[in-house]
Amino acid sequence: MTLPTPPRAILFDLDGTLADTAPDLAAAVNLLRAERGLAPTAYELLRPTASAGARGMIGAAFGLKPEDEGFVELRDGFFHNYQAAMAVHSTLFPGIVELLAGIEQAGLQWGIVTNKPSRFTDPLLPLIGLAHAACVVSGDTTAHAKPHPAPLLEAAGRLGLAPEQCWYVGDDLRDIQAGKAAAMKTIACGWGYCGPVEPQGWQADYLFDSPLELLALMQHSLTGNTELAA
(Lines give C-alpha, C1' and ligand atoms only; values in the text may rest on other atoms or scores of the structure.)
Protein backbone atom coordinates (compact mmCIF):
# COMPACT_ATOMS: atom_id res chain seq x y z
CA MET A 1 0.00 0.00 0.00
CA THR A 2 1.38 3.39 -1.01
CA LEU A 3 1.31 6.00 1.73
CA PRO A 4 -0.50 9.21 0.81
CA THR A 5 0.60 12.75 1.50
CA PRO A 6 -0.32 13.53 5.12
CA PRO A 7 -3.63 15.39 5.43
CA ARG A 8 -4.30 18.64 7.26
CA ALA A 9 -7.92 17.60 7.76
CA ILE A 10 -10.14 14.56 7.32
CA LEU A 11 -13.72 15.11 6.21
CA PHE A 12 -16.46 12.56 6.72
CA ASP A 13 -19.88 11.71 5.40
CA LEU A 14 -22.33 11.31 8.29
CA ASP A 15 -24.93 8.55 7.80
CA GLY A 16 -23.20 5.21 7.36
CA THR A 17 -19.73 6.66 7.88
CA LEU A 18 -19.52 8.29 11.30
CA ALA A 19 -22.92 7.28 12.62
CA ASP A 20 -25.17 4.25 12.33
CA THR A 21 -28.43 6.13 11.84
CA ALA A 22 -30.24 3.40 9.90
CA PRO A 23 -32.34 2.17 12.87
CA ASP A 24 -34.04 5.55 13.33
CA LEU A 25 -34.42 6.13 9.58
CA ALA A 26 -36.01 2.70 9.21
CA ALA A 27 -38.34 3.36 12.15
CA ALA A 28 -39.49 6.61 10.53
CA VAL A 29 -40.43 4.97 7.24
CA ASN A 30 -42.02 1.94 8.91
CA LEU A 31 -44.18 4.30 10.95
CA LEU A 32 -45.46 5.59 7.61
CA ARG A 33 -46.35 2.03 6.64
CA ALA A 34 -48.06 1.39 9.99
CA GLU A 35 -50.13 4.56 9.56
CA ARG A 36 -51.37 3.09 6.28
CA GLY A 37 -52.16 -0.32 7.71
CA LEU A 38 -49.12 -1.96 6.13
CA ALA A 39 -46.70 -4.42 7.67
CA PRO A 40 -43.19 -3.09 8.35
CA THR A 41 -40.50 -3.48 5.72
CA ALA A 42 -37.71 -5.76 6.91
CA TYR A 43 -34.80 -3.84 8.41
CA GLU A 44 -32.39 -5.91 6.30
CA LEU A 45 -33.95 -4.38 3.18
CA LEU A 46 -33.95 -0.83 4.52
CA ARG A 47 -30.46 -0.64 6.01
CA PRO A 48 -28.47 -0.67 2.73
CA THR A 49 -30.48 2.32 1.47
CA ALA A 50 -29.96 4.50 4.55
CA SER A 51 -27.25 6.68 2.99
CA ALA A 52 -29.78 7.78 0.37
CA GLY A 53 -32.07 9.26 3.04
CA ALA A 54 -35.75 9.73 2.19
CA ARG A 55 -35.21 8.68 -1.42
CA GLY A 56 -33.65 5.39 -0.34
CA MET A 57 -36.03 4.65 2.48
CA ILE A 58 -39.22 5.40 0.56
CA GLY A 59 -37.90 3.56 -2.46
CA ALA A 60 -37.27 0.44 -0.40
CA ALA A 61 -40.45 0.65 1.69
CA PHE A 62 -42.96 1.81 -0.95
CA GLY A 63 -41.28 1.19 -4.31
CA LEU A 64 -41.59 4.85 -5.31
CA LYS A 65 -39.07 7.18 -6.92
CA PRO A 66 -38.93 10.98 -6.39
CA GLU A 67 -40.71 11.59 -9.68
CA ASP A 68 -43.59 9.21 -8.85
CA GLU A 69 -47.01 10.36 -7.71
CA GLY A 70 -47.36 10.18 -3.95
CA PHE A 71 -43.63 10.41 -3.26
CA VAL A 72 -43.69 13.99 -1.97
CA GLU A 73 -46.46 13.22 0.54
CA LEU A 74 -44.54 10.21 1.82
CA ARG A 75 -41.29 12.19 1.95
CA ASP A 76 -42.89 14.92 4.05
CA GLY A 77 -44.37 12.33 6.40
CA PHE A 78 -41.02 10.59 6.64
CA PHE A 79 -39.30 13.87 7.50
CA HIS A 80 -41.89 14.55 10.20
CA ASN A 81 -41.46 11.12 11.75
CA TYR A 82 -37.69 11.24 11.62
CA GLN A 83 -37.41 14.72 13.11
CA ALA A 84 -39.52 13.59 16.06
CA ALA A 85 -37.24 10.63 16.88
CA MET A 86 -33.86 10.96 15.17
CA ALA A 87 -31.55 9.79 17.94
CA VAL A 88 -33.40 6.97 19.68
CA HIS A 89 -31.14 4.18 18.43
CA SER A 90 -28.52 6.04 16.36
CA THR A 91 -24.95 5.57 17.57
CA LEU A 92 -21.41 6.14 16.37
CA PHE A 93 -19.83 3.16 14.65
CA PRO A 94 -17.27 1.21 16.70
CA GLY A 95 -13.87 2.83 16.40
CA ILE A 96 -15.13 6.29 15.45
CA VAL A 97 -14.51 7.81 18.89
CA GLU A 98 -10.93 6.53 18.80
CA LEU A 99 -10.45 7.73 15.22
CA LEU A 100 -11.63 11.25 15.94
CA ALA A 101 -9.54 11.42 19.11
CA GLY A 102 -6.50 10.30 17.13
CA ILE A 103 -7.09 12.97 14.50
CA GLU A 104 -7.30 15.66 17.18
CA GLN A 105 -4.25 14.34 19.03
CA ALA A 106 -2.27 14.59 15.80
CA GLY A 107 -3.18 18.26 15.57
CA LEU A 108 -5.42 17.80 12.55
CA GLN A 109 -8.97 19.01 11.96
CA TRP A 110 -12.00 16.93 11.08
CA GLY A 111 -15.34 17.92 9.64
CA ILE A 112 -18.61 16.59 8.29
CA VAL A 113 -19.93 16.86 4.74
CA THR A 114 -23.34 15.22 4.39
CA ASN A 115 -26.30 15.34 2.02
CA LYS A 116 -28.56 15.30 5.09
CA PRO A 117 -30.53 18.58 5.27
CA SER A 118 -29.39 20.98 7.98
CA ARG A 119 -32.80 20.75 9.71
CA PHE A 120 -31.74 17.23 10.72
CA THR A 121 -27.95 17.53 10.83
CA ASP A 122 -27.80 20.45 13.25
CA PRO A 123 -29.95 18.94 16.04
CA LEU A 124 -28.62 15.41 15.53
CA LEU A 125 -24.88 16.05 15.95
CA PRO A 126 -24.94 17.06 19.62
CA LEU A 127 -27.23 14.12 20.41
CA ILE A 128 -24.71 11.58 19.11
CA GLY A 129 -21.50 13.22 20.29
CA LEU A 130 -20.35 15.00 17.13
CA ALA A 131 -20.95 18.64 18.06
CA HIS A 132 -17.20 19.32 18.15
CA ALA A 133 -16.67 18.99 14.38
CA ALA A 134 -14.48 21.78 13.00
CA CYS A 135 -16.96 22.36 10.19
CA VAL A 136 -20.34 20.98 9.12
CA VAL A 137 -21.63 21.20 5.57
CA SER A 138 -25.15 19.83 5.06
CA GLY A 139 -27.04 18.91 1.93
CA ASP A 140 -28.58 22.36 1.65
CA THR A 141 -25.51 24.40 2.62
CA THR A 142 -24.41 24.88 -0.98
CA ALA A 143 -26.32 25.01 -4.25
CA HIS A 144 -25.31 21.42 -5.03
CA ALA A 145 -25.23 18.16 -3.10
CA LYS A 146 -22.81 15.29 -3.54
CA PRO A 147 -21.67 13.85 -5.96
CA HIS A 148 -21.01 17.48 -6.93
CA PRO A 149 -17.74 18.65 -5.33
CA ALA A 150 -19.20 21.97 -4.10
CA PRO A 151 -19.93 20.80 -0.52
CA LEU A 152 -16.40 19.43 -0.13
CA LEU A 153 -14.86 22.58 -1.53
CA GLU A 154 -16.98 24.60 0.89
CA ALA A 155 -15.71 22.52 3.81
CA ALA A 156 -12.07 22.94 2.77
CA GLY A 157 -12.62 26.68 2.45
CA ARG A 158 -14.15 26.89 5.92
CA LEU A 159 -11.10 25.13 7.32
CA GLY A 160 -8.76 27.46 5.46
CA LEU A 161 -7.24 24.59 3.50
CA ALA A 162 -6.69 23.66 -0.12
CA PRO A 163 -8.82 20.66 -1.15
CA GLU A 164 -5.64 18.67 -1.77
CA GLN A 165 -4.84 18.93 1.93
CA CYS A 166 -8.01 17.03 2.87
CA TRP A 167 -9.06 13.42 2.79
CA TYR A 168 -12.72 12.49 2.35
CA VAL A 169 -14.32 9.38 3.84
CA GLY A 170 -17.69 8.00 2.79
CA ASP A 171 -19.81 4.88 2.45
CA ASP A 172 -21.50 5.65 -0.88
CA LEU A 173 -20.31 5.87 -4.46
CA ARG A 174 -21.32 9.52 -4.68
CA ASP A 175 -19.01 10.29 -1.74
CA ILE A 176 -16.04 8.97 -3.67
CA GLN A 177 -17.16 10.74 -6.84
CA ALA A 178 -17.42 14.02 -4.96
CA GLY A 179 -14.05 13.55 -3.28
CA LYS A 180 -12.31 12.80 -6.55
CA ALA A 181 -13.96 15.78 -8.24
CA ALA A 182 -12.67 17.95 -5.39
CA ALA A 183 -9.12 16.57 -5.79
CA MET A 184 -9.13 14.98 -2.32
CA LYS A 185 -7.81 11.58 -1.33
CA THR A 186 -10.82 9.29 -1.01
CA ILE A 187 -11.47 6.52 1.50
CA ALA A 188 -14.39 4.11 1.11
CA CYS A 189 -15.63 2.80 4.44
CA GLY A 190 -16.64 -0.82 4.16
CA TRP A 191 -18.19 -0.65 7.62
CA GLY A 192 -21.02 1.56 6.29
CA TYR A 193 -24.18 0.95 4.29
CA CYS A 194 -22.46 1.03 0.87
CA GLY A 195 -25.67 0.87 -1.20
CA PRO A 196 -26.23 -1.28 -4.29
CA VAL A 197 -22.73 -0.93 -5.82
CA GLU A 198 -19.91 -2.83 -4.13
CA PRO A 199 -17.25 -0.42 -2.80
CA GLN A 200 -14.50 -2.38 -4.54
CA GLY A 201 -15.79 -0.85 -7.77
CA TRP A 202 -15.85 2.78 -6.61
CA GLN A 203 -12.19 3.45 -7.48
CA ALA A 204 -11.53 5.02 -4.10
CA ASP A 205 -7.91 5.54 -3.16
CA TYR A 206 -8.38 3.30 -0.13
CA LEU A 207 -11.02 0.87 1.13
CA PHE A 208 -11.10 -0.03 4.82
CA ASP A 209 -13.34 -2.24 6.93
CA SER A 210 -12.70 -0.41 10.20
CA PRO A 211 -12.19 3.19 11.32
CA LEU A 212 -9.04 2.00 13.10
CA GLU A 213 -7.50 1.06 9.74
CA LEU A 214 -8.02 4.64 8.63
CA LEU A 215 -6.45 5.87 11.85
CA ALA A 216 -3.41 3.69 11.17
CA LEU A 217 -3.09 5.06 7.63
CA MET A 218 -3.22 8.63 8.93
CA GLN A 219 -0.63 7.95 11.61
CA HIS A 220 1.71 6.20 9.18
CA SER A 221 1.37 9.01 6.65
CA LEU A 222 2.32 11.57 9.32
CA THR A 223 5.36 9.63 10.49
CA GLY A 224 6.47 8.35 7.11
CA ASN A 225 6.43 4.83 8.50
CA THR A 226 6.15 2.46 5.54
CA GLU A 227 5.33 -0.66 7.55
CA LEU A 228 1.69 -0.26 6.52
CA ALA A 229 2.69 -0.88 2.92
CA ALA A 230 4.21 -4.27 3.69
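Biologist: Which residues lie nearest the centre of the second largest pocket, and how many residues line it?

Modeller: Bear in mind that this is a predicted model. The lining of that second largest pocket has 13 residues, and Ala52, Asp172, Arg174, Gly195 and Pro196 are the ones nearest its centre. The space inside comes to about 170 Å³.

Biologist: What makes a residue part of the lining of a pocket?

Modeller: A lining residue has an atom within 4 Å of a pocket point, so that cut-off decides who is in. By class, the second largest pocket then gets seven nonpolar, three polar and three charged residues.

Biologist: And how much space lies in the largest pocket?

Modeller: About 490 Å³. Its lining takes in 27 residues, with Ala52, Gly53, Asn115, Lys116 and Pro117 nearest the centre. Helix H3 (53-62), helix H4 (71-84) and helix H8 (173-181) are the elements that give two or more residues to that lining. H4 has the largest share, five residues.

Biologist: Which classes make up the lining of the largest pocket?

Modeller: Eleven nonpolar, five polar and eleven charged residues.

Biologist: On to Leu152. Why is Leu152 called buried?

Modeller: Its relative accessible area is 0%, and buried means under 20%, so Leu152 qualifies. Leu152 sits in helix H7 (residues 150-159).

Biologist: What is Leu152 in contact with, leaving aside its neighbours within four places in sequence?

Modeller: Leu11, Val113, Tyr168, Ala178, Gly179, Ala182 and Met184. Contact here means heavy atoms within 4.5 Å. Ser210 is 58 residues from Leu152 in sequence, and the two are 23 Å apart in space, C-alpha to C-alpha.

Biologist: Which residues of the largest nonpolar core touch the most other members?

Modeller: Phe12, Leu14, Leu18, Phe78, Ile103, Trp110 and Leu130, out of 49 residues in that core. Helix H1 (residues 22-35) provides the largest share of this core, six residues. Apart from it there is another core of 15 residues, including Leu11, Leu152, Ala155 and Tyr168.

Biologist: What makes a set of residues a nonpolar core?

Modeller: The members must be buried residues of the listed nonpolar kinds, joined through side-chain atoms within 4.5 Å. Leu152 is a buried residue, and Leu152 is among the members of the 15-residue core.

Biologist: Which residues is Leu14 in contact with, again leaving aside neighbours within four places in sequence?

Modeller: Ala19, Ile112, Val113, Thr114, Lys116, Thr121, Leu124, Leu125, Ile128 and Leu130.

Conventions. Residues numbered from 1 in each chain as written. Predicted model: local features only at pLDDT ≥ 70, side-chain atom pairs only at ≥ 80, totals over all residues. Heavy atoms only, no water. Buried < 20%, exposed > 50% of the residue type's maximum accessible area, 1.4 Å probe, protein only. Helix = DSSP H or I, 4+ residues; strand = E, 2+ residues; numbered from the N terminus. 1 Å grid on protein atoms, 1.4 Å probe; cavity = no way out; pocket = protein on both sides within 12 Å on 5 of 7 lines; lining within 4 Å. Points joined across faces, edges and corners; volume = space filled by probe spheres on them. Nonpolar A, V, L, I, M, F, W, Y, C, P; charged D, E, K, R; others polar.
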